[in-house]
Amino acid sequence: MQQDKITQAIRIQTERTNEMEHSTPLFLTSSFCYDDAEAMRAAFADETNDNIYSRFSNPNVQELIDKVCALEGAEAGYATASGMSAVFGSFMALLKQGDHLLACNSIFGSTHTVITKYLNRYGIEYSYISTNASANEWEAAIKPNTKMIYVETPTNPGLDILDLSMLGSLAKKHQIILNVDNCFATPIIQQPIDFGADLVIHSATKWMDGQGRVLGGVIVGRKDLIKEIYAFCRSTGPALSPFNAWVLSKSLETLEVRMERHCANALFLANTLEGHAKIASLRYPFLPSHPQYAIAQQQMQNGGAIVCFELKGGLNSGRKFLDALQMLSLTANLGDTRSIASHPASTTHAKLSDAERLAVGITPGLIRISVGLEHKEDILADIEQALQYC
């Protein structure tokens with residue numbers, strides 16, 4: 001019987017033990033045993049899928065991977081200790097000296113650091129292209145040695161939307177790996193593989209957990225590419241802990257219903273705050289005023305759970321706003337049940353130069369709101385009272 005992907009994410013489960021548990025138990029073990037020497041040999045020879053060592057695989061980790069694969073429509077996957085280890089693993093497993101990485105210029109600050117500070121140490125070239133570049137401009141930026149296109153959509157924090165169908169067609173035409181960070185959308189809102197992506201990356205720390213508890217990363221996509229990523233990560237060790245995998249797997253069972261509330265709250269805030277006297281501009285992908293609104297409508301089921309706005313008073317107003325908040329949290333995370341406010345220019349993207357921040361729309365007064373599950377009127381009330389101090 002063919003099941004819906006949401007049903008699969010709820011029902012996929014590690015085979016029950018003799019205890020006949022309904023909820024998957026924790027497999028807190030560093031290694032696994034064998035009935036005989038031949039079974040052990042076959043496992044190490046990769047002739048079976050038997051577990052060897054929790055740095056390589058673990059039942060809790062595999063259950064999480066299987067659920068994300070079902071949600072994203074992917075052939076295979078691998079889970080890591082954090083979203084950034086997933087990003088780094090996807091680069092280092094598939095790029096080599098002399099290769100070129102083409103990336104959109106609006107990406108998470110730590111990803112920017114990996115690309116600009118560390119890839120060149122391994123002889124890997126990179127170049128950035130604007131998120132609003134045309135198909136012709138993207139194609140012109142592709143070099144003979146371009147091996148991978150890497151993008152976020154929506155981007156962090158500016159909520160730019162990249163045309164995945166266009167990028168998927170270009171990647172296929174030039175036989176380039178299309179690697180998409182789908183963290184901000186989650187597989188509930190967007191499935192990049194449907195548009196031609198070869199790999200999809202998530203910081204499971206965000207909405208997949210959804211409660212600010214554990215770190216985790218997941219990479220899913222083409223089986224041949226995941227095999228290379230697995231081989232690299234198996235040897236270098238960015239393993240996801242079984243406990244974190246257990247928490248994340250259970251969290252996926254409620255991801256759809258949580259995202260419905262997150263996104264409904266975010267759309268309410270965006271509609272209400274757009275045009276506010278203290279706000280110079282506001283971005284949300286499902287507002288008609290968003291510059292890539294038409295693309296968002298084509299490839300996303302809704303606008304997501306992040307709202308960004310620029311305060312008219314710039315940096316000084318940003319500080320006053322954050323200090324005046326009474327309910328919203330000031331923290332580095334996002335995708336939590338609790339609403340969070342942050343100032344990207346001084347936190348997540350502080351290592352970018354002023355020019356680099358401005359190039360991707362991170363202005364001194366930009367505020368990013370990760371919209372939580374509280375009652376929408378309470379979230380709005382806290383934001384509106386804080387705006388009075390700007």
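Helices here are DSSP runs of H or I at least four residues long, numbered from the N terminus. On that count, His-262 sits in helix 11, which spans residues 255-273. The model is a predicted one, and its confidence is worth a look before going further. Mean pLDDT for the protein comes to 95, with 100% of residues at 70 or more.

A polar atom of the His-262 side chain lies 2.7 Å from the backbone oxygen of Val-371. Setting aside neighbours within four places in sequence, His-262 also touches Trp-207, Ala-305, Asp-336 and Thr-337, and its contacts include Val-371, Gly-372 and Leu-373 as well.

Five strands make up an open, mixed sheet, in the order 8-9-12-11-10. Strand 8 (279-283) and strand 10 (329-330) are its edges, each pairing on one side only. Strand 10 runs parallel to strand 11 (residues 340-342), and 2 bridges join the two. In one of these pairings, Leu-330 has Ala-341 of strand 11 as its bridge partner. Helix 13 (residues 314-324) lies across strand 9 (306-311), strand 10, strand 11 and strand 12 (366-370), and runs at about 130 degrees to strand 9.

Elsewhere, helix 5 (residues 109-118) has a buried set made up of Gly-109, Thr-111, His-112, Val-114 and Ile-115. An α-helix has 3.6 residues a turn, so residues three or four places apart point the same way. The cover over the buried residues of helix 5 includes helix 4 (83-94) and helix 14 (354-359), along with strand 2 (100-104), strand 3 (125-129) and strand 4 (146-152).

Finally, the cysteines. A disulfide is a covalent bond between the sulfur atoms of two cysteines. The count of disulfides in this model is 0. Cys-263 is in none, its nearest cysteine sulfur being that of Cys-183, 13 Å away. At 4% relative accessibility, Cys-263 counts as buried. For Cys-390, the closest cysteine sulfur belongs to Cys-308 and is 15 Å off, so a bond is ruled out by distance. Cys-390 counts as partly exposed, because its relative accessibility is 22%.

Conventions: Residues are numbered from 1 along each chain as its sequence is written. This is a predicted model: local features need pLDDT of at least 70, side-chain atom pairs count only at pLDDT 80 or more; totals for chains, interfaces and linings use all residues. Side-chain values use heavy atoms; hydrogens and water are left out. Two strands pair if DSSP finds at least two bridges between them. Contact means heavy atoms within 4.5 Å. Axes are lines fitted to C-alpha atoms, for helices over the stretch in contact, and angles run from 0 to 180 degrees between N-to-C directions. A disulfide is a pair of cysteine sulfur atoms within 2.5 Å. Buried means under 20% relative accessible area, exposed over 50%, partly exposed in between (1.4 Å probe, protein chains only). pLDDT is the predictor's confidence in each residue, from 0 to 100. A polar contact is a pair of N or O atoms within 3.5 Å; within protein, one must be able to donate a hydrogen and the other to accept it, and residues adjacent in sequence count only if both atoms are side-chain atoms.
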